[in-house]
Amino acid sequence: MNAPASGTAARTSLPRVVAASLIGTTIEWYDYFLYGTAAALVFGKLFFPHSDPLTGTLLAFLTYAIGFAARPVGALVFGHFGDRVGRKKLLVLSLLLMGGSTTAIGLLPTYDSIGVAAPVLLTALRLVQGFALGGEWGGAVLLVSEHGDRRRRGFWASWPQGGAPAGNLLAAGVLSLMTSVQSESAFLSWGWRVPFLLSAVLVGVGMWIRLAVDESPLFRAALAARRDRATVEQPPLVGVLRHHWREVLVAMGARMAENISYYVMTTFVLTYAVTHAHFAKQSALNAVLIGSAVQFALIPLFGALSDRVGRKPVYLVGAVGVGVWAFVFFGLVDTRSFGSLVLAVTVGLVFHSAMYAPQAAFFSEMFATRLRYSGASIGAQFASVAAGAPAPLIATALLKDYGSATPISVYVAVAAALTVLAVLCGRETRGQDLAEAGAPQGPEGQPADAPAAGKPAVA
């Protein structure tokens, strides 16, 4: 494939690629956030009924956190094969796994029906969700990044990031609708299952759109170059750890404030608002709905801003902002005013958007094409184990032990400080040519992690 042809393909197919990535990530995040929202509102009662309400929620959040443990495994597996066989095939697989596990959760018997087997099966399905999401994020953002051009990459690559607030908006919206039209007993009996079963329909739509998308032109070029070299390269993971370990650490650090603040301000806040500030469930869900809608609109704007001023300045504004806002956030919720609750969540998500929007382009531009799926996924998903996974769990435990939100605010602020340090240590990547990104050169212009002729590496 010659360069002009590649460029033409990228230009004509970019809107379709963006739409497919956005719809696919929206569905996957819908499935993933649906679990977190249900864990905050109903799973404690249905799967851990013999505990007091806060302990039951704590146990439900524990199953929620366990799903994050599978995300690095998904990142490794999907990253390896995504860098070997292509982005598109792995994205189709991730969508099927996520949709299947979410639908199965909607069919699960509860503790009252099968006892301890119920939370065990719930946890197993959550692990499948985590595995699928660990592979989804990297593939979706790379497919857009590698189709686009360097001048507007921040803008276009931010659209798959919009799948997170869109998925959360959809999940909270469906649950809010169910709680508004049903009694508490009906919702706990069967109403909570409807949003999970709806996933089967959404996955069908996502598959239809995603299968129509072409493979990344940059990946096809890298695959052709690999075949021309006629050598056996090391596994992508080895190349990432040898040549991009600094970038992996920067990506992991950059995720700390972004991941922790998001799950505190969208998932834990549901528990805090209902059990501590005595809001109705629907009011808490509606606040998250409004904040998510605002965030969805802001993400492409922050992505475009990162194309003008750089990835790092926009990211740093978000990290500093969320660290400061954490101390205002719970004070507003404690006023027990719906308007203050909406303001707390919305402003928190504005600062989160400033980190999340440029993240796709920022991480993509750190790694070479032949290692990009693995590098971006490892950096993002390994951080999620230490950041997003325990965030609602830690926040709930701190609230239970101290009876105050101040320790939770300190927790978010410390994460923000770590992110600021990591981003300052990283290099500015705006304008990076992805065909040349992160490609250390060895003798005679070969990639440094490629073996010399006649000396194949261990596959």
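This is a predicted model: local features need pLDDT of at least 70, side-chain atom pairs count only at pLDDT 80 or more; totals for chains, interfaces and linings use all residues.
At what angle do helix α13 and helix α19 pack, and how far apart are their axes?

Helix α13 covers residues 245–276 and helix α19 covers residues 406–425; they pack at an angle of about 150°, and their axes are 7 Å apart. Angles over 145 degrees count as roughly antiparallel, which makes α13 roughly antiparallel to α19. The crossing of α13 past α19 is left-handed. On the α13 side, the residues that meet α19 include Val250, Gly253, Ala254, Ala257, Ile260, Ser261, Val264 and Phe268. Among those they meet in α19 are Ile408, Tyr411, Val412, Ala415, Ala416, Leu418, Ala422 and Cys425.

Phenylalanine 219 and valine 264 are 45 residues apart along the chain, and their C-alpha atoms are separated by 37 Å. Phenylalanine 219 has a relative accessible area of 2%, so it is buried. Leaving aside neighbours within four places in sequence, its contacts are Gly82, Asp83, Arg84, Val85, Gly86, Arg87, Glu146 and Thr369.

Next, helix α10, residues 199–210. Twelve residues at 1.5 Å each should span 16 Å, and the end C-alpha atoms are 16 Å apart, so the two agree. Which residues of α10 are buried? They are Ser199, Leu202, Val203, Gly206, Met207, Ile209 and Arg210. These cover an arc of only 165° around the axis, and therefore lie on the same side of α10. Val201 and Trp208, on the other side of α10, are exposed.

Serine 199 belongs to that buried set. Its relative accessible area is 0%, which is why it counts as buried. Apart from neighbours within four places in sequence, serine 199 is in contact with Tyr30, Asp31, Gly99, Thr102 and Thr103.

Last, two loop residues. Histidine 278 is in the loop between α13 and α14. Although it is not a glycine, histidine 278 has a positive phi of about 65°. Its relative accessible area is 55%, so histidine 278 is exposed.

Where is arginine 336 found? It is in the loop between α15, residues 311–334, and α16, residues 338–364. Arginine 336 has a phi near 65°, again a positive value in a residue other than glycine. With 51% relative accessibility, arginine 336 counts as exposed, because the cut-off is over 50%.

That's what I have.

Technical notes: Residues are numbered from 1 along each chain as its sequence is written. Side-chain values use heavy atoms; hydrogens and water are left out. Helices (H or I, at least four residues) and strands (E, at least two) are DSSP runs, numbered from the N terminus. The expected span of a helix is 1.5 Å times one less than its number of residues. Buried means under 20% relative accessible area, exposed over 50%, partly exposed in between (1.4 Å probe, protein chains only). The arc is that of the directions from the helix axis to the C-beta atoms. Contact means heavy atoms within 4.5 Å. Axes are lines fitted to C-alpha atoms, for helices over the stretch in contact, and angles run from 0 to 180 degrees between N-to-C directions. Angles under 35 degrees count as roughly parallel, over 145 as roughly antiparallel, 65 to 115 as roughly perpendicular and the rest as oblique. A crossing is left-handed if the near helix is turned anticlockwise from the far one by less than a right angle, and right-handed if clockwise.
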